[in-house]
Amino acid sequence: MPKRILVVDDEASILELIEYNLTAKGYDVDSSTNGEDALNRILMEKFDLVLLDQMLPKLSGIEILKKVRAEGNSTPVIFLTAVDAEENKIEGLISGADDYITKPFSVKELLARIEVVLRRTSDSDKTHFALNKAAKSLMINGTEIPLTRKEYQLLEFLLDNKGIVVSRDQIFDNVWGLNSNSQLRMVDIQISHLRDKIEKDTKDPQIIKTVHGFGYVLEV
C-alpha cells in the first residue's frame, strides 16, 4: 500500500509541483490550503507524513504542529517553508517537526528527506521481538516480558510456526497435550493473556492475529 502524504501549502504552484513529483514516486497525495482544514484532517485521518508550510491562512504551521503533538498525534511532519530564520527552524524542531526544509528547495532533496523520515519512523514503529529458548524468556524492544510457563509454551509453539495459521486444536494438542483434562477454550484464554502482555493495542493485535474460522497466526 502506498504511503499517504498530506501537503499543506497555500501556493497553488507549489502544491502542483509537489503533488506531481510525489505521485510520480508512487505516493498517495492529499492537499490542504489552510491551517484549520489541515489540522482537522491530520487529527481525523491517517497520514504517513505531512509536508507543512509555516505561513498559512487561519492557523500557522507552528500552531498546527503544537496542537497535533498536544493531542498525542505522532504523524511525521516536515516543514517546507520560506521562513528560514534560525530561531524559526529551532522552534519548529523543538515543537516536534521531524525535519525542516526551506524554500526554494530541490525536488530531489525533498524526495530524499521524505524517504529518510518515512524509513526512520517506520523502523521505530516495529516491534523487536526476541524469544530466548535457553533462558525461556521474552524480550520486546529490549524489555523483558514476564511469562507464565504455559504462556511461554504457547508463544514458543506459535513462533515455531511463525507466519503459518494454526488451529485451536493444533495449539491445544501441542501445548496442553492429547491427554490433558483442560478444555479447548483455554487456548483463547491464554491467547488473550499473551496479548495483554505483548500487544500495543489488544483490540487491534499485530503480533498474534486471529484468522476467523481457522485459528491464530504469529507475525513478527
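Two strands are said to pair if DSSP finds at least two bridges between them, and strands (E, at least two residues) and helices (H or I, at least four residues) are DSSP runs numbered from the N terminus. The model is predicted, so local features need pLDDT of at least 70 and side-chain atom pairs count only at pLDDT 80 or more, whereas totals for chains, interfaces and linings use all residues. Residues are numbered from 1 along each chain as its sequence is written, and side-chain values use heavy atoms, with hydrogens and water left out.

Five strands form an open sheet in the order β2-β1-β3-β4-β5, with parallel pairing. Its edge strands, each pairing on one side only, are β2 (28-32) and β5 (99-102), and the twist averages 20° from one strand to the next. Strand β4 (residues 77-81) runs parallel to β5 and is joined to it by four bridges; Phe79 stands opposite Tyr100 in β5.

| Helix | Lies across | Angle |
|---|---|---|
| α3 (residues 61-70) | β3 (49-52) and β4 | about 175° to β4 |
| α4 (residues 86-94) | β4 and β5 | about 150° to β5 |

Asp53 is found in the loop between β3 and α3. At Asp53, an unreviewed UniProt entry places the feature "modified residue: 4-aspartylphosphate", although such annotations may be inferred rather than shown by experiment. Leaving aside neighbours within four places in sequence, Asp53 is in contact with residues including Asp9, Asp10, Phe79, Thr81 and Lys103.

How values were computed
Axes are lines fitted to C-alpha atoms, for helices over the stretch in contact, and angles run from 0 to 180 degrees between N-to-C directions. Contact means heavy atoms within 4.5 Å.
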